[in-house]
Amino acid sequence: MEIQWSLVLFTVLAGAGSWMFVGAAVSEFTNRGKEASFLTSIIAIVLIIAGGLCSVTHLSHPTRMLGAISHPTSGIAIEAFMLGFTCLAIIVYLVLLKRSSSDKARKVVAVVGAVLGIAFSFLMGESYMMAARANWNSVVVPLEYAVTSMVLGVSLYLLLLACRKEKEAVAFYGLPLAVAGAISLIVGLVYGFFSGVTAEAMQFWGCVVVLGTIVPIVCGAVSMKKADAAVALMLCSSVGALVGSVVFRMLMWTSGTGMYVFFNALS
């Protein structure tokens, strides 16, 4: 099946932005990297909106989006609503930060935005589950969408902290990054064997597994001890996670053979 690059970019960018904001939300409770929360939230909302604009181009003409969201139970409508709700929560959080509102109010809004962002990253993949495409009709697909977004978003968040020379915060979040990579590795392997894309040695094993999961695991683990190399480590992790996220979505599209092909083969 032909790769739909508009949707690949939509899910990569919006998913990464959603999980970047999760980093800002976590900082509200850990007080690590909290000074970067405003900039993190700005970058997160820019990525989410950029992803949404990519999604619109898939419909050939922006006005078709209005027709798509007129059916509130459709996958496109649900994604549009989740995008809007997530952006709204981030905007409210930014306003609270700017006005130096109470910690309790910021924490509540941060948690709401983080939950919406995580759900959004899952639902972007859930909309592809359909009986007509055997390799897509499994909960493993949206899980892989969510976890690849998680690794990329966390990597970008730590790259931002590293560029701001917040070495202690990067070292603190190194373990969560390594854990995120491990979760992504497990889900990725399950998806690979379920869909049969493990036969694509270079793309699956080289890009999705090695670059997309093992590199972030190693970078996260090493950053806990070598904070001085935080920028280089997080740059490697971000690039690896980006490649892994994009290639996974490419493989999903190319493996999405419709059931009608099998019926045609028997006729």
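This is a predicted model: local features need pLDDT of at least 70, side-chain atom pairs count only at pLDDT 80 or more; totals for chains, interfaces and linings use all residues.
Residues are numbered from 1 along each chain as its sequence is written, and side-chain values use heavy atoms, with hydrogens and water left out.

Let me begin with the core. The largest nonpolar core has 72 residues, and the members that touch the most others are Phe120, Leu158, Leu161, Met252 and Trp253. By such a core I mean a set of buried Ala, Val, Leu, Ile, Met, Phe, Trp, Tyr and Cys residues joined through side-chain atoms within 4.5 Å; buried stands for under 20% relative accessible area, exposed for over 50%, and partly exposed for what lies in between, with a 1.4 Å probe and protein chains only. Among the elements that give two or more residues to this core are helix H1 (5-30), helix H5 (103-126), helix H6 (140-163) and helix H9 (230-254), and H6 gives the most, with 14 residues. Helices here are DSSP runs of H or I with at least four residues, numbered from the N terminus.

Now to the helix pair. H7 and H8 pack at an angle of about 160°, their axes being 6 Å apart, where axes are lines fitted to C-alpha atoms over the stretch in contact and angles run from 0 to 180 degrees between N-to-C directions. The two helices, H7 and H8, are therefore roughly antiparallel to each other, a label for angles over 145 degrees.

What about the cysteines? The structure holds 0 disulfides, a disulfide being a pair of cysteine sulfur atoms within 2.5 Å. Cys54 counts as buried because its relative accessibility is 18%, and Cys87 counts as buried because its value is 8%.

Finally, some single residues. Asn31, in the loop between H1 and H2, has a phi near 60°, a positive value in a residue other than glycine. Lys165, in the loop between H6 and H7, has a positive phi near 60° as well, and Lys165 counts as exposed because its relative accessibility is 67%.

Technical notes:
Angles under 35 degrees count as roughly parallel, over 145 as roughly antiparallel, 65 to 115 as roughly perpendicular and the rest as oblique.
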